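Please read these notes with the model open beside you. Each point takes up one topic.

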Amino acid sequence: MQISPHIGSQLVDLCSALLLLTCFAIVAQRRLSACVDLFALQSAFLVLTAALVAFLTGNHHIYIAAALTGVIKVVIIPRVLKKVIERLNVKRELVMNVNVPAGLLICGALVMLAFFITQPIIPLGFLLTRDSLAIALAIVLIGFFTMIARQKAVSQLIGFLVMENGLFLGATAATYGMPLIVELGVFFDVLIAALIAGIYTNRLQDAFDSVDTSHLTVLKE
Amino acid sequence: MIEVLVLLIAPLLAGGLSLIVHRSALLHAINLTSMSLLVAAEILITRTVLRDGPYTELGQLVYLDALSAFILFIIGAVGLACSLYMRSYMDDQVSRGVIAPKRLNLFFFLFHMFLLAMVIATIANSVGVQWVAIEATTLATTFLIAFWRRRESLEAGWKYLILCSVGISLALFGVVLTYYSSLQVLGDVSEALNVTQLLPVADRLNPHVLKLAFIFILVGYGTKVGLVPMHSWLPDAYTEAPAPVVAMLAGVLEIVAVYAILRMRMIVDHAVSPTFTGGLLALLGFASFVTAAFFILIQHNYKRLFAYSSIEHMGIAMIGFGVGGPIGTFGGLFHLLNHAFAKSMAFFAAGNIHRRFHTVEIAQVQGLAIAQPWTAMALIVAGLALSALPPFASFVSEVQIVTALAAQGIPGQWLTNSTGMVTVAFSNQFSSLSLTGLFLLCSVLAFSGLLYRITGMVWGAPPEEIVKGETWTLGHLPIIVLAAALVGFGFFLPQPLRQLLEQATQILLLH
């Protein structure tokens, strides 16, 4: 089956846009377990994008990366996070430093910023994934913002994982995937980081009876 | 070949063995053996590099030049000192019940993994693999920092994990962008991130992309170095982590992160003018130096005092690299070495003080000269070296940096509109004069703050309940050797070390 490059690039753009859309949904979501579900959904879109790029370009090693993303980010990490949430009993709400409408506005601004920053370098890219680089940077910035805007340790973790998703999209879009050895290393690190953070939130709960990081204010000048 | 394998296998094997061995004496023996092997391998590598220049090993996976051999030298020296110091320190922690005996295994395992990650970050040919290794150091050290499991330790560990993970993610974006630009030139090959591939074609890489990549890399790895404004995890982590861990964080990890930035700079400088990278480095360097100098003045906790002094010295080294030129670059590299030695010594002393006085408050520590004469001496020597007074080696390196700064100023016009950023331009004559003045002012501030606090701890009468006198342990040996090196290097550099530093400077200047 042959897909014309034009339609192919439109499809990749569509998938990337869906990724960005789930970012906004995560920012707008108040329930923690729903955030985890949305993260899993976002990762699923990421798998779809990567698989699409792999299919359209014939770069088979992206399939491996896509499969790993599927296993780690769609299945394992959400499951670990759900367990942590269950054990910590923090289903109800999210503590926010920035309220939802303001957060969404800031995210909109971040998307514009991302497009502005990447504008000079986009024409260098491959036709197929040209616009995804800007979207990837936008997702990284929104993940970063989520980490600042939320106070619970688990939601900061979700922000971090969203950043990682953005990075992976960037790597796929800008370069049709990094060298395999680097990609494997990155996945390994993300998995371990998520597990460590999972264990860590348990420890925080034991020590402070809370995973609200606003309690972490003993150390200061 | 064999020496590179030893570098990788020694910590790996030691880490594995640490998990199954239960006697503490054996754990220490494994640790010391592995560290000695590491140092031996490092010496062999240095010899080869000095004789034959840069070379690759293990099928292009490993790239060794004078710069990486120099960093390996710091890892080996500080690592060995830490291993010697840990003997008495860890046993004391276990016997006092601060650390459960069976958690000692975990400590040594993580310590070896931390070391392995730093070795890989130093010798990897690919900047991608280097990124993975630096991320791995974050994972290994998070638990080491929180090893005491107190509330404050957990807080420090969480801050460290989150901030460094975010920083390192930004650095990954920089690596992705580097790959993006190298693909245009090298084509779709998996070696496109290797330094050996990138350096020859570096002047053909797209400057816009590399500028953006360098900013991401600098912010990312700069978090790990503890440059202002990404430094906020550092004082907390340094206060809460066990002393040998802090000695490794301050003495080695910061320097490996600086190395990663310099590695990237080597490539970017070919494509963009060195004034761009130099200006950014000097800017962050000055931000760190000035901020830290003021925070040193108001500290009442001696571990935080040394933490801010770390930020200060990394700032100074960054200024050296930023100003560039043979003198500035040499001074910067030499300063990294001096800082590693002085700071690990300072934290060994801090660890001893904490064990005796059970407090980190400067006001509650008095009469150290009577209570712990050896430690008091170590503290004074480290303090003088960190204040960069003669005859210490750090005096020499700081004079080199400030000379270069006065002569050249920081590179002007370093951000241009072409990346869509704000234009900031400096007039060179004006900036070099005023910046040299600022540099000297901050040095005096840091110097007086540091020495005022330290003398307060050393003199006077110790509190009644404190045991007086200090027995000699193996942990005192590294302190003496480091002190001797710090004074000795001020007068003369051993030939191989001088050659290594000169060649490393050449590598960084190659544009």
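**Notes on the model**

1. Start with I480(B), which is found in helix α18 of chain B. Helices here are DSSP runs of H or I with at least four residues, and strands are runs of E with at least two, numbered from the N terminus. I480(B) is partly exposed, at a relative accessible area of 35%. The cut-offs are these: buried is under 20% relative accessible area, exposed is over 50%, and partly exposed is in between, with a 1.4 Å probe and protein chains only.

2. A word on the source. This is a predicted model, where local features need pLDDT of at least 70 and side-chain atom pairs count only at pLDDT 80 or more, while totals for chains, interfaces and linings use all residues; side-chain values use heavy atoms, leaving out hydrogens and water. Residues are numbered from 1 along each chain as its sequence is written, and chains are lettered from A, with ligands numbered from 1, in the order in which they are written.

3. I480(B) belongs to a nonpolar surface patch, along with W374(B), M377(B), W472(B), L474(B), L477(B) and V481(B). Together they have about 640 Å² of accessible area. The area comes from the Shrake-Rupley method with a 1.4 Å probe, and for residues only the protein chains shown count as cover. Patch residues have over 30% relative accessible area and no salt bridge; nonpolar side chains (Val, Leu, Ile, Met, Phe, Trp, Tyr) are joined within 5 Å, like charges within 9 Å. Which helix gives the most to the nonpolar patch? It is α18(B), with three residues. Both α15 (373-386) and α18 (476-491) of chain B supply at least two.

4. Now the rings. Over all chains, the structure holds 16 aromatic pairs. Rings of Phe, Tyr and Trp (its six-membered ring) pair if their centres lie within 6.5 Å; planes under 30 degrees apart are stacked, over 60 edge-to-face, and the rest tilted. One of the pairs is Y85(B) with F348(B), stacked at 4.4 Å centre to centre, with 20° between the planes. This pair links distant parts of the chain: Y85(B) is in helix α3 (residues 66-95) of chain B and F348(B) in helix α13 (residues 325-357) of chain B, 263 residues apart. Y85(B) is buried at 0% relative accessible area. F348(B) is also buried, at 0%.

5. Helices α3 and α13 of chain B turn up again. The side chains of D92(B) and R355(B) meet in a salt bridge, 3.1 Å from N to O. D92(B) lies in α3 and R355(B) in α13, so the pair ties together parts 263 residues apart in sequence. The term needs a side-chain nitrogen of Lys or Arg within 4 Å of a carboxyl oxygen of Asp or Glu. D92(B) is partly exposed at 22%, whereas R355(B) is buried at 18%.

6. Follow K159(B) next. Its side chain meets that of E155(B) in a salt bridge of 4.0 Å, N to O. Both residues lie in helix α6 (residues 151-186) of chain B, four residues apart, about one turn of the helix. K159(B) also bridges to D236(B), at 2.6 Å, N to O. That pair links distant parts of the chain, with D236(B) in helix α9 (residues 233-240) of chain B, 77 residues from K159(B). E155(B) is buried at 0%, and D236(B) is buried at 2%. K159(B) is partly exposed at 24%. Salt bridges link E155(B), K159(B), D236(B) and R304(B) in a network.
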